Structure formats: C-alpha cells, structure tokens
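Work through the exercises below with the sequence and the model open. Each task is followed by a worked solution.

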Amino acid sequence: MDRAFQRTQILTNHLLRSSPPSPLSSNACLSYSPPELSENNAFDVEEMRNLIDGHNVEERDWLFGLMKQSRLFNPRVRGGKVFVSPDYNQSAEQQREMTWKRIEYLLGRGAFERWLTEKGEEIEMRRFAGFEVFSIYDHSLFTKLGAHFFLWGGAIEFLGTKHHHEKWLRDSENYLIKGCFAMTELGHGSNVRGVETVTTYDSSTGDFVMNTPCESAQKYWIGGAANHATHTVVFSQLHINGTNQGVHAFIVQIRDADGNICPNIRIADCGHKIGLNGVDNGRIWFDNVRVPRENLLNSVADVSPDGRYLSSIENPDQRFAAFMAPLTVGRVYIACSAVYQSKVALAVAIRYALTRRAFSLKPKEPEVLLLDYPSHQRRLIPLAARTYAMSFAANYLKMLYVKRTPRSNKTIHVVSSSFKATFTWNNMHILQECREACGGQGLKTENRVGHLKGEYDVQSTFEGDNNILMQRVSKALFGAYMAAQKRNKAFKGLGLEHMNKPCPVIPSLLTSTTLRCSRFQMDALCLRERDLLNRFVADVSKCKAEGKSTQQAFLMCYQLAEDLGRAFSDRAIFQTFIEAEATLPAGSLKDVLGTLRSLYALICIEDVSYLRYGYLSVDNGANVRREITKICSELRPHALALVTSFGIPDPFLSPLAFNWIEANSWSSV
C-alpha cells in the first residue's frame, strides 16, 4: 500500500505541477558542439556552390528569403533556430489550402513574373531555379506549380499556336486561369497511345464532343483537378468521320470563375496518399462535353470547319511523338528537383554525423563521432559524390533543353529519360540511406529525411515509369547502332562517339594510381556501355531471326536493356563531371572535385555488372572496393564543406542538422 500511495503522489504532483521542474542540463558527454568549430574548409564553399548550382544563385536566395519571411511557410523555433516546412499533421484538405495560399503569396511578390509570357534562355533558367528552390521547401508546392506551368502551360506553348498563346498564357501566368493536365487514365498511364477518352467532331455545330466511354477511361491523378483548376488540357482519341486520327490535345473548361464544376463534367477526389497531400489530385469524367473547335491545340494537326483532318505530319508515329513534347520538359524538371532532395538529406545526415557520438574505443575515452567510423563514411560520402555528379549532369540537361533545336529533340528525349530515371532512383536510395544513418531521429517528420521518402516516392513513376524510360533509352541506342551500321558511317550523337575508337582494355592489375586516372575511369565506363550495346543488338537480332517481332525481341531482352540504360546514364553523367572539373584552375577546389570525381567513377565501376559480364576480375573488384574506402577517408575532412556548398539555408534543413540536444530538451516541449 505504501508503494502504491507513493506512486499516486508522484503522479498527482506531476499532473498538478505544483512547482515548476528545474531545468535539466546535459553533462559533458552529451553536449552539442557545432561542427564548424572543429571542421575547416579547404576550399571556397561559395565558389563550389556557384559551380554546382550553375545559375541564378541570387534568384534562388531571393526566393528562399521570400519564404522565410512569411508565416504561411510555417516557421517554428527548435533548438534556438527557426525552421520552415509544411505542417504535415494537418488534414489533406488543410494542406491543399496552404499550398494554394503559398502560391498566391509568391504570385503577389512577382515570383512567377514572365514565366509563361516570355521565351528565351534567361527566363527558362530562372524558372528552373525557382522550381528547384520550391522543391526544397515542399514537393506539393513544386508539383502544384509544375502541373500549372510546365504541363498545362507547356502544352499550350508547344502544342498550341499564336492564338492559343495570346488567349491563354498571360492569364495562366497571373493565375486568372488555373490549369491542369489530363493525360493519365485509370486504365492507361505510360501507354498514352492507348487512352480511351474519345472526342468526335460535329460539323453541324462546328465543335467537338468529348466523352468518357467507360470507367477505365476516367482521367486519373490529375493534379489540381480536385479543388482548384478551372481548365485542363485533355489528351483524347480524335475521331473524324468514323476514322480514329490518334491522340490529340484539347483545352477544356472544367470549372467556372466561381469554382462550380461545369455541366456534363464529373470530378472526384483521388483520396489520401502516402505523400503529396498538398496537391489536389482528381479524377474527371466527360459526358458529351462540347469543346470549341479553336480549343484543339493545333500546332501538329487541325480540323477544318467542314470536318477535314489537316496535318503536315503524315506519319502517325511522328505525329504522336510531336504530341508527347510536353512530357520532355516535365522529365527535365523532375530530374533536377530530385537532386535537391538528395542534397537536403545528405546535409542533414552528414551534419548530424559530425556531432553525434557513439561508443568509445577505449575505457574513459570520449565516444567516437559517427562520421569518424569508416563504415559511416562508406555509407554517406559516396552518396555525396553521386549527388555532385548528378548536379553537373542536371546543369548539362538544363542547358541542353534551353538551347534545344529540332535536331536536338531526340537527344533531349533520350537524355531526359535516362537522367529522370537515374536521378529519381538515386534520390530514393540516398533518402533511405540517410534515414537509416540518422537512426531513430530519421523517423521524425520534423527532421525531414524520413518524410521525404513518402513525398518523393512518386517520382519513380510519374512523367514516365523509370523502368519503361530505361527501356526507351536502350531502344534509342539500338536505333543509333543500326542506323550507323546501315549507313556504314561512324557513330555520332548520344555520346556514342567512343564506339568509333578501339575497344578499351582494363589492365590485369589495377593500382591506386590507375584507379584514380580519369582516362581509365572513362575507358571503364565506355567499355561497359559498348559491350552491353553490342550484346543487346546481338540478342535482339537473334530473337528476330527466330521469328519474333521487333517489339517481342525487345521484351525478351529486357534485362540487358536495363543494364544498358544504366551504363549509358553512368557514362553520360561522368562526362559532365569531367567537363565541370575542366573549367576550374589548379587549386584546392579542383583537387577536392577531382577526388570526388574518382569516387563517383569507382562506385559506378563497383556495380555488379562489372563482375557479371567479366569486365573486372574478382581481385580487381576487391581493389576497387579498397580504393573507395581510402577515398572516403580522404574526403572525411571536407564533409562539412561539401554539404555546406549545397547552398541550402539553415531554416530549410531540420533541427537534427544543428543543436539536436537543445531541440529535444525539456524546455522545447
């Protein structure tokens, strides 16, 4: 009874809080020491940031400042610092409304000025910078803006003509019109050519009639449709006089100015998701919806008032490819944004590893910093090298896109498909490894790393399923190979010029000097791509000789296709790293970047394909692994500078990246 009474008294005192508890102070072994006090920068972090961001650094900092100064971005104090990130404890409906309020705030301060009404390299690079900054804050904000600007706006820009541009783009830029992009259906995602929505032309009235003929034809996952969008671009089969002319794009109004759903249109919510709940994804059905003839986006094809189908592109396949143009810019934006999530996760995980200790090597000695363990270095530092490589590749992809010409469209399609798949896969791997490297703290939503996994998982499948994109890359490489062979000419384009040179040979014994040589690294990556392309062509040709169609042959060789796609991507990314390094004068920055480049190359060469296909002996494979461990140790003193160079302001990281003890103290409860 005495013990029960004592426990009751303790609980009573706790609940009543008759006297405030005395503040707790940490003892010496639990004190926080900022890594800046012990880590030195061997190179100029601002110069490194300028190199990896590549463009519009001042614009980025201005946008960061806009978000930091508004209560709409949910500032909160933790551990004596202010952090900004969405409140993910809100309901999906509340998150959606906050996303929209943030867009209104940014719109009112000119963040989107000229985004749709001007063309040219300067405005496109400014737009890229804006999207990358917004993605650092919140994927819902990035995605909601992306659906409006680069899908809805991009479709009008690329598929429309002058009168569409004049009528729709300025009002879209100012959000007088809120657009979305209705391509995906319940029954068709990657196979856009198979969409089931049907639109017919009524020559008696001079307009189109759009229908959802079955449940699998409902438009699905349409970002913005559930709550806010007033208009959408609908991709539909076009039937003219009983003939299906294939997939075409139409502007359709789905809500009036007061937000009421238009007649003959039904809209439903897609429901709660594992992430992106700040985006109002919706489903749309069309029941004999009348669409004005001028709302056909007609840069590729048109219909005359009397119902004649007109197109300068006679080949249906080429016509369909032209309609897919808006997806290319979507893949470019997604690939680039994925790099910045990797930067957030690595900045948090590495800063934490520079302040969190675990276990002593000897009795009475201080516990060891996590990042001083070789195993922890091996987990995180190669991921930093991979992220630097992706940064340079993303900058290359952006420049390739903004300097596009009709002749470069195929290259942009292939490279954007490859990089989108590779970057988003890498991002998910980096987020998972960083989550685990942060231990239990990685599970907390406020620490961002774990939560980002759910937010960004969708990137592996939207704007093209990654596996399908990689197969398309391999098909393009197959096509380039067959074209060169047919013309009996040298390879040109897609970086395949190395196929014209003698086949590289890997030395029988790989020394440290050889492994760090950029020439060897490029040779090793080219050797794999070359061999896999030869194997892929041989296997597809063998299947066709056995009577299978080209499509069946590709399907039978899918494993080689995936390996080839990854080999192409690794080599192309590495090439951009080499080119970025070459722009620097001799000095500490170039030295560190060269070490990072070697680390990136070696983690690519460590891939199982080098043993699977016999490019490396088991002994040389072991040499590669040992060299990676050695380089990780050499880069350990630069770890803080490497993530500081990402240029992400402190408020956009998390409490775990700073004084995590104070952030979790009783006074912070």
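Buried means under 20% relative accessible area, exposed over 50%, and partly exposed in between (1.4 Å probe, protein chains only). This is a predicted model, in which local features need pLDDT of at least 70 and side-chain atom pairs count only at pLDDT 80 or more, while totals for chains, interfaces and linings use all residues. Residues are numbered from 1 along each chain as its sequence is written, and side-chain values use heavy atoms, with hydrogens and water left out.

**Exercise 1.** Classify Arg 60 as buried or exposed.

Solution. 
- Apply the cut-off: with a relative accessible area of 2%, Arg 60 is buried.
- List contacts (heavy atoms within 4.5 Å): beyond neighbours within four places in sequence, Arg 60 touches residues including Asp 53, Glu 132 and Lys 398.
- Check the charges: Arg 60 belongs to a salt-bridge network with Arg 49, Asp 53, Asp 61, Glu 132, Lys 343 and Lys 398. A salt bridge is a side-chain nitrogen of Lys or Arg within 4 Å of a carboxyl oxygen of Asp or Glu.

**Exercise 2.** Find which parts the salt bridge between Arg 379 and Glu 433 ties together.

Solution. 
- Distance: the closest N and O atoms of Arg 379 and Glu 433 are 2.8 Å apart.
- Position: Arg 379 is in helix α10 (residues 374-402) and Glu 433 in helix α11 (residues 409-437), so the pair ties together parts 54 residues apart in sequence.

Technical notes
Helix = DSSP H or I, 4+ residues; strand = E, 2+ residues; numbered from the N terminus.
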